[in-house]
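Hi,

Here is the model I said I would pass on.

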Amino acid sequence: MSVPLLKIGAVLSTMAMVTNWMSQTLPSLVGLNGTTVSRGGTSERIVSAIYPSPEEGWQIYSSAQDADGKCICTVVAPAQNMCNRDPRSRQLRQLMEKVQNITQSMELLDLRTNRDLQYVRNTESLMKAVDVKLKTASDNPRSLNPRSLQELKDKVTQLLPLLPVLEQYKTDARQISRVREEVRNLSLVLMAIQEEMGAYDYEELRHRVLLLETRLHSCMQKLGCGKLTGVSNPITIRASGSRFGSWMTDTMIPSSDNRVWSMDGYFKGRRVLEYRTLNDFMKGQNFVQHLLPHPWAGTGHVVYNGSLYYNKYQSNIIIKYHFRSRSVLVQRSLSGAGYNNTFPYSWGGSSDIDLMADENGLWAVYTTIPNAGNIVISRLEPQSLEVLQTWDTGFPKRSAGESFMICSTLYVTNSHLAGAKIYFAYYTNSSSYEYTDIPFHNQYSHISMMDYNPRERVLYTWNNGHQVLYNVTLFQVIKTAGD
């Protein structure tokens with residue numbers, strides 16, 4: 001019985017290896033194609049994947065591309081269970097079920113064999129005694145008296161239960177023969193699948209994936225500015241620090257620099273933690289500490305081109321701190337700006353001055369007494385911190401939960417608590433505004449920082465001691481020449 005069991009173990013091992021290989025390589029079978037459609041005098045190039053649905057492959061929605069190659073992309077990666085839809089995966093599952101059934105049959109046969117073999121061993125001495133009696137009777141018939149004959153009959157009667165055991169052995173032998181045939185068939189099918197898989201060059205698949213990732217990255221790098229139309233579900237990166245704080249990556253440096261900065265608390269803080277990568281930040285490891293020369297106020301800090309811009313505690317002074325030199329490069333008062341909880345967001349926290357960056361530069365969001373507490377937007381010169389231009393939005397800052405800039409447009413939430421939505425948008429390009437209704441899930445019910453990163457096209461939030469990301473969807477219609 002041991003040999004068939006070893007064969008079954010080998011089959012199981014082989015199938016496990018095949019299943020693992022498929023799960024790692026089959027999701028890589030992706031590619032892109034494109035079509036052009038016209039809508040109301042507008043020409044759009046819609047890019048999609050070779051698979052028909054998000055569950056089966058890469059998808060790119062709402063993609064527009066002009067002659068300069070600028071495009072807007074929303075990318076949905078394939079589901080992790082994509083391999084389960086592959087016909088070969090179904091074959092493997094069926095084979096696994098067969099192997100499981102065969103294994104159960106073998107275990108049952110093994111159990112019966114061990115039980116019956118023990119019975120045979122227990123009757124071995126009885127069989128030897130009967131054999132001796134029969135030989136004696138054969139050699140000397142006169143020695144077989146009535147008493148000896150009765151004893152012989154009794155011993156033979158005790159051996160009768162061996163007959164069904166032997167019959168069961170015959171049945172088991174036929175079952176083993178069938179099992180052997182099943183294993184042989186399984187081996188042939190597995191060999192066929194292996195040959196079919198051999199048609200796919202792993203390195204070629206890997207190259208196709210890298211090429212696709214490069215194309216997607218290139219597309220995202222060329223994204224033009226657009227209007228915010230949606231916010232994804234929250235992605236919790238880590239739970240750390242107090243209820244209030246801020247965290248961010250640089251909004252301008254090359255994508256190869258993945259450093260993350262974290263600043264816990266909303267007033268009088270001076271300690272900035274710099275993590276090497278997002279993964280290090282998630283694990284709370286591999287970080288260096290920067291001790292700022294002046295404490296900060298609020299959570300509206302931003303890292304822009306290697307420097308930290310923040311509001312100095314109990315003042316309307318903006319400080320530019322350079323990380324590499326660990327020094328203050330410039331500081332300047334934001335004329336007329338309220339500070340020290342004069343005009344904060346609805347959650348308070350000395351959030352009078354909110355610094356942020358988008359595709360078009362560095363911004364300050366604040367308010368002044370002459371503006372009657374309404375949100376003011378100023379575009380800043382990053383080197384000198386001089387105000388280049390200012391807009392009065394007319395929206396009361398104390399009614400805002402948080403705000404962020406995307407493509408020169410200020411988006412304002414109506415609360416920092418659960419049920420909040422993006423409620424107001426002010427377009428600096430046209431000095432106009434509109435009320436919006438863009439919902440998002442405030443998972444931990446108290447947002448004290450919400451900033452957009454144009455390099456990654458995500459929203460960074462600090463939500464009740466949790467560091468959370470939101471992906472955003474931007475929409476833009478590219479008009480062709482002459483429209």
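Lys 397 lies over the face of Tyr 345, at 3.8 Å from the ring centre. I call a charge "over" a ring when NZ of Lys or CZ of Arg is within 6 Å of the ring centre and within 35 degrees of the ring normal. Arg 238 does this too: its charged end sits over the ring of Phe 281, 5.1 Å from the centre.

Before you go further, note that this is a predicted model, with local features needing pLDDT of at least 70 and side-chain atom pairs counted only at pLDDT 80 or more, while totals for chains, interfaces and linings use all residues. Numbering starts from 1 along each chain as its sequence is written, and side-chain values use heavy atoms, with hydrogens and water left out.

The overall picture: the protein has 7 helices and 25 strands, taken as DSSP runs (H or I of at least four residues for helices, E of at least two for strands) and numbered from the N terminus. Of its 483 residues, 45% are buried. Buried is under 20% relative accessible area, exposed is over 50%, and partly exposed is in between (1.4 Å probe, protein chains only). If you take contacts between residues at least 6 apart in sequence, 54% of them join residues at least 24 apart; contact here is heavy atoms within 4.5 Å.

Now back to the rings. There are 21 aromatic pairs in the structure. One of them is Tyr 275 with Phe 281, edge-to-face at 5.2 Å centre to centre and 80° between the planes. Rings of Phe, Tyr and Trp (its six-membered ring) pair if their centres lie within 6.5 Å, and planes under 30 degrees apart are stacked, over 60 edge-to-face, the rest tilted. Tyr 275 and Phe 281 are both buried. Another edge-to-face pair is Tyr 433 with Tyr 435, at 6.0 Å and 90°. Tyr 433 is partly exposed, because its relative accessibility is 49%. There is also an aromatic cluster made of Phe 244, Tyr 266, Phe 267, Tyr 313 and Trp 347.

The sheet to look at is an open one of 4 strands, in the order E19-E20-E21-E22 with antiparallel pairing; two strands pair if DSSP finds at least two bridges between them. E19 (403-406) and E22 (432-439) are the edge strands with a single partner each, so one side of each has no neighbour in the sheet. From one strand to the next the twist averages 25°, using axes fitted as lines to C-alpha atoms (for helices, over the stretch in contact) and angles from 0 to 180 degrees between N-to-C directions. E21 (residues 421-427) and E22 run antiparallel and are joined by 6 bridges. Ala 425 stands opposite Glu 434 in E22.

Which residues touch the most other members of the largest nonpolar core? Out of 20 residues, they are Leu 228, Val 231, Phe 404, Ile 406, Ile 422, Phe 440 and Leu 459. A nonpolar core here is a set of buried Ala, Val, Leu, Ile, Met, Phe, Trp, Tyr and Cys residues joined through side-chain atoms within 4.5 Å. Two or more residues each come from E5 (227-231), E19, E21, E23 (447-453) and E25 (466-475), and E25 gives the most, with 4. Beyond its neighbours within four places in sequence, Val 231 contacts residues including Ile 422, Phe 440, Leu 459 and Tyr 470.

Thr 461, in strand E24 (residues 458-463), counts as buried because its relative accessibility is 0%. Leaving out residues up to four places away in sequence, Thr 461 touches Trp 247, Met 449, Met 450, His 466, Gln 467, Val 468 and Tyr 470. Ser 307 is in strand E12 (residues 307-311) and is buried at 2%. Its C-alpha is 8.4 Å from that of Asp 250, 57 residues apart along the chain.

Last, the backbone. Most residues other than glycine have a negative phi. Asn 340 has a positive one, near 60°, in the loop between E14 (327-333) and E15 (354-358). Ser 445 also has a positive phi, about 70°, and is in the loop between E22 and E23. Asn 340 is partly exposed at 45% relative accessible area, and Ser 445 is partly exposed at 33% relative accessibility.

Cheers
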